[in-house]
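Here are my notes on this one, jotted down as I went through it. Have a look at the structure first, then read on.

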Amino acid sequence: MIKLENVKKVYPDGTEAVKGITFEINEGELCVLLGPSGCGKTTTMKMINRLIPITEGHIYIDGTDNREMDENELRREMGYAIQEIGLFPHMTVRENIATVPTLKNWSDDEKEERARNLLNLMGMDPDEFIDKYPTELSGGQRQRVGVARSLGADPPIMLMDEPFGAIDPITRDRLQDEFLKIQNEIQKTIVFVTHDINEAIKMGDKVALLKEGELIQYSQPAELLAAPKNRFVRDFVGSDRTLKSLRLMKVDEAMKESPRVVKEDQDLESVGQIMREEGVNYLIVVENGNKLKGWINREDVEEAGQGRVADAMVRDTEAAETGTSLANALTVMLERDVANLPVVDGDNNLKGLLTFNDLQSLIGETYTESGGKHPEVSK
Amino acid sequence: MRRRIVLVILLSIFIGVTIWITEMGSLKYMEPKTYTDIGRQAWNHLKMVGIAELLAIGVGVPLGIFVTRPGMKKFATPIVGTANVGQTIPSLAVIAIMAPILGYGFNSAIIALFVYSLLPVLRNSYAGINDIDPAIIESAKGMGMSRTQIALRIELPLARPVIMAGIRTSTVICVGTATLAVLVGGEGLGKIILTGLYTQIPLLIVQGAAPTAALAVILDTLLGGFEAAMTPRGLKKG
């Protein structure tokens, strides 16, 4: 756990880079320090491993004031990855990854094993890459090795300063996804600096938004979007924050569970009955227990008059898998011009139903609940 | 490859010319220098260059590195600047100044040569360290390397090729400048050249100049090989 207590940084020329900020980063959490350039986010991060000396206040690492620790020892317990990567060009990938293990006097076998494991974790073939030099790698590969190196001695804490900043958007997106997966496994306490709101929302468990050396808002990404504290936050997260928050929420959170269903061999009269009783125009058709087959609507039922569901139903149906973001589900709904979207699991078992109305009211709810303005209906 | 061919051709010409003149017999009113003479003076020449160069390395490399240390950067400009000025003064003038100050003799020749060889070594040592990508140093520091570890494991290996290039340039210049050392009482191949000048026998001048050139080419090649061997693999191009 990292605890910052009224931390200040004043440079000799009088510039106040960080003006007394206080917050806590819980163990295993990825905390994003977010803000425009010059907001003090990098300065704050570098005070944690004392690359920049603290002027006032305290930073506690698991309860110990970091100024009471030997600075090199302190840094060896924290992975450190920066945008420029800074791989050592005269060392192989193996030697680069083993930087901190070497400082900690690990044996050669341990270092070799660690380097291989980390390359595997990064999705790089150890046999192919371990003896290469940084100049022989692509930008994305260098970035991966940089992250692997910061994980070298398995530090409990990692400091990352725009670690995916210097690569093309497609590779960056992939690296972010990979890193999230890795973080899921390794559960490090991470301080992650970025100026990119989208990256912050995607990566962060918590986001600390800074402005001119002050902490403006510290909350979960969803809350940052739903309940921006002031105008600055609102402007910073952008006018499309409704869409951004949809990217954060999963269909599972918004769907109706166990919706009313009918079977293919049911007769249409009884189906019409159900529709009138429930006051719905749309029913999902399932077969073989709970497998999604299609859907049927009121018009078709009334037009056909009698017969079986199988005669009047629509078989080719769109569905969203559980875990899909609401933004993606909404895109499908708009593209297909449907107001209802069944939610299924990986085996096509029906899990629930997402309706456009639910979606709309959910967005409204998150805003009003947290005191925000009611959203303009998304364009 | 092409460079190597040029070197071999040059070397053959210089050595060939030297042999040709030495074997010639009589030059106007005097005999040409013997192989023994040339050998002795070449050895003296090498000795002067060697001592001066070792001094230049001994002072230039530590000084160059010293001014890159945190807190010492303010000395960088005056120190490198002074050395630059030293280099701007013509070599003959540097050597001429030494005579009245230190008297005639081998030692003042050495000191003059040292002053003149210092700059390339100093400047390259400074630049070699100073031009390392700051991100490399920052990540080393951020991972918990001490200052000494950074210097020994990161900065020196990365700066080594640049420092070696400085030593090589300096040595080659020094071989040429050393021919002037004879003016302040030094020895070396310059003595043969000077004799040729006094007696106005051009072939005698060439007999001193050609081996000097050969010496420069040989040292340049040797140090070039050394430089390549000292360059860490990851820094080599291609």
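1. Start with helix α1 of chain A. A:K41, A:T42, A:T43, A:T44, A:M45, A:K46, A:M47 and A:I48 in this helix are buried. Keep in mind that this is a predicted model. With eight of its eight residues buried, α1(A) is largely enclosed by the rest of the structure. Two of those buried residues are lysines, A:K41 and A:K46. After the helix comes A:R50, which has a positive phi, near 65°.

2. What does α1(A) pack on? The helix, residues 41–48, lies on a sheet and touches β1, β2 and β4 (56–61) of chain A. Its direction makes about 120° with that of β1(A).

3. Now the sheet itself. It is open, with four strands of chain A in the order β2-β1-β4-β5, and the pairing is antiparallel. At the edges sit β2 (16–25) and β5 (64–65), each pairing on one side only. Strand β1 (residues 2–10) pairs with β2(A) over seven bridges, in the antiparallel sense. If you want a spot to check by eye, find A:L4, which stands opposite A:F23 in β2(A).

4. A:F23 turns up again among the contacts of A:A208. Leaving aside neighbours within four places in sequence, A:A208 is in contact with A:F23, A:C31, A:V32, A:L33, A:L34, A:L215 and A:Y218.

5. On to the cores. The largest nonpolar core has 125 residues, and the members touching the most others are A:V32, A:A208, B:L113 and B:A181. Helix α5 (residues 106–130) of chain B gives this core its largest share, 13 residues. There is also a second, separate core of 30 residues, with A:V271, A:L283, A:A319 and A:I363 among them.

6. Chain A is split into domain 1 (2–239) and domain 2 (252–361). The centres of these two domains of chain A, taken over C-alpha atoms, are 45 Å apart.

Definitions and conventions
Residues are numbered from 1 along each chain as its sequence is written. Chains are lettered from A and ligands numbered from 1 in the order in which they are written. This is a predicted model: local features need pLDDT of at least 70, side-chain atom pairs count only at pLDDT 80 or more; totals for chains, interfaces and linings use all residues. A nonpolar core is a set of buried Ala, Val, Leu, Ile, Met, Phe, Trp, Tyr and Cys residues joined through C-beta atoms within 7 Å. A residue is buried if 20 or more other C-beta atoms lie within 10 Å of its own, exposed if 12 or fewer, and partly exposed in between; C-beta atoms are placed from the backbone. Helices (H or I, at least four residues) and strands (E, at least two) are DSSP runs, numbered from the N terminus. Two residues are in contact if their C-beta atoms, placed from the backbone, lie within 7 Å. Two strands pair if DSSP finds at least two bridges between them. Axes are lines fitted to C-alpha atoms, for helices over the stretch in contact, and angles run from 0 to 180 degrees between N-to-C directions. Domain bounds come from an automatic or database domain assignment.
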